[in-house]
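Q: I'd like to learn how to read a few features of a protein model. Could you walk me through them?

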Amino acid sequence: MRTVPDAVTERLADLGNIPVAVPVLLLCALYAARRGNRRGALAAVSAMAVVPALVVPLKEWTARPGPLEPWAAGYYPSGHTATAAVAYVGAALLLSPYTRRGWPMAAALLLVGATAAGLVLRGFHWPLDVVASLLLCAPLLLAVSRNTRRSSG
């Protein structure tokens, strides 16, 4: 028996879906570009475009089975986690220069954590799948951070 209902964990996992996460990034990129941070906006959108190019070959190469579907392959690394991390943290990096408090990054980390928890608790991914995605996206987000800081300062 699971401690968190499937309906809840599935909704949390859905935060990493492309139709949910990418529009958040695009709206923040448009806002940042309008405020003069075109370089940061381009870096964030480019980082999101790179995510499938990193994740898909690794999924095919490792062919790792899932926790609930041992007959299926392609669970490592987690594409949902990578999408959530780049979209939400990228959006927060774009918004941060225009806010006085750290709420954008706090909200982003909460959304990424909720996505990761939902994926693991629902049984869609092993914890290592989620951690690998976060590590895989760290260089992308560092590049976004550098470009955002450079263009907003």
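Predicted model: local features only at pLDDT ≥ 70, side-chain atom pairs only at ≥ 80, totals over all residues.

Q: Let's start with helix 4: how does its span compare with what its 17 residues should give?

A: In general, an α-helix has 3.6 residues a turn, so residues three or four places apart point the same way. Here, helix 4 covers residues 79-95, and at 1.5 Å a residue it should span 24 Å; the C-alpha atoms at its ends are 24 Å apart, so the two agree.

Q: Is helix 4 largely enclosed or open?

A: Enclosed, because 16 of its 17 residues are buried.

Q: What about pockets: what volume does the largest one have?

A: The idea is that rolling a probe the size of a water molecule over the atoms shows where empty space is left. In this model the largest pocket comes to about 220 Å³. It has 14 lining residues, and those closest to its centre are Ile18, Val51, Gly79, His80 and Thr83.

Q: Which helix gives the largest share of that lining?

A: Helix 3, with 6 residues. Helix 2 (18-34), helix 3 (38-62) and helix 4 each put in at least two. By type, the lining has 7 nonpolar, 6 polar and 1 charged.

Q: And how many disulfides are there?

A: A disulfide is a covalent bond between the sulfur atoms of two cysteines. This structure has 0. Take Cys28: the closest cysteine sulfur belongs to Cys137 and is 17 Å away, so a bond is ruled out by distance.

Q: Is Cys137 buried or exposed?

A: Buried, because its relative accessibility is 2%. Cys28 also counts as buried, at 10%, with the cut-off set at under 20%.

Methods:
Residues numbered from 1 in each chain as written. Heavy atoms only, no water. Helix = DSSP H or I, 4+ residues; strand = E, 2+ residues; numbered from the N terminus. Expected span 1.5 Å × (residues − 1). Buried < 20%, exposed > 50% of the residue type's maximum accessible area, 1.4 Å probe, protein only. 1 Å grid on protein atoms, 1.4 Å probe; cavity = no way out; pocket = protein on both sides within 12 Å on 5 of 7 lines; lining within 4 Å. Points joined across faces, edges and corners; volume = space filled by probe spheres on them. Nonpolar A, V, L, I, M, F, W, Y, C, P; charged D, E, K, R; others polar. Disulfide = S-S within 2.5 Å.
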